[in-house]
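Good morning, everyone. Please look at the sequence and the model while I go through some charged side chains.

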Amino acid sequence: MSEDASDRRRVHAFVSGRVQGVTYRASTREAARERGVDGWVRNLEDGRVEAVFEGDPEAVESMVAWCHDGPRRARVADVGTEDEPPEGLTGFEIRY
């Protein structure tokens with residue numbers, strides 16, 4: 001059974017706090033892959049982490065919830081999200 005765009009949700013997230021240098025990107029990739037979520041994650045110069053999650057709506061929502069805690073050493077202050085039209089991403093990568 002194939003998924004069409006109407007079966008997918010895409011969220012663009014910006015995570016602030018102590019989220020760089022604490023394995024946030026690698027942990028995000030692992031959590032997304034465990035949930036079958038596609039997208040990417042990267043560090044921003046201002047100290048935030050930016051991520052895009054795309055896939056099953058419940059799985060995407062689970063990733064957004066995960067972002068509020070992140071990996072053990074992270075201290076998340078805020079997670080801002082914006083819904084966007086799905087683009088059909090496949091896989092999950094760390095962008096540099």
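Let me start with Asp 46, which counts as exposed because its relative accessibility is 52%. Here buried means under 20% relative accessible area, exposed means over 50%, and partly exposed is in between, with a 1.4 Å probe and protein chains only. This is a predicted model, in which local features need pLDDT of at least 70 and side-chain atom pairs count only at pLDDT 80 or more, while totals for chains, interfaces and linings use all residues. Residues are numbered from 1 along each chain as its sequence is written, and side-chain values use heavy atoms, leaving out hydrogens and water.

Asp 46 has a partner, Arg 48: they form a salt bridge with the closest N and O atoms 2.9 Å apart. A salt bridge means a side-chain nitrogen of Lys or Arg within 4 Å of a carboxyl oxygen of Asp or Glu. Arg 48 is partly exposed, at 29% relative accessible area.

How many salt bridges does the structure hold? It holds 10. Another one joins Glu 50 and Arg 42, at 2.6 Å from N to O. Glu 50 is buried, with a relative accessible area of 5%, whereas Arg 42 is partly exposed at 30%.

Next, Glu 84 and Arg 10 meet in a salt bridge of 2.9 Å, N to O. Glu 84 lies in strand β4 and Arg 10 in strand β1 (residues 9-18), so this pair ties together parts 74 residues apart in sequence. Strands are DSSP runs of E, at least two residues, numbered from the N terminus. Arg 10 is buried, at 5% relative accessible area, and Glu 84 is partly exposed at 23%.

Definitions and conventions. Helices (H or I, at least four residues) and strands (E, at least two) are DSSP runs, numbered from the N terminus.
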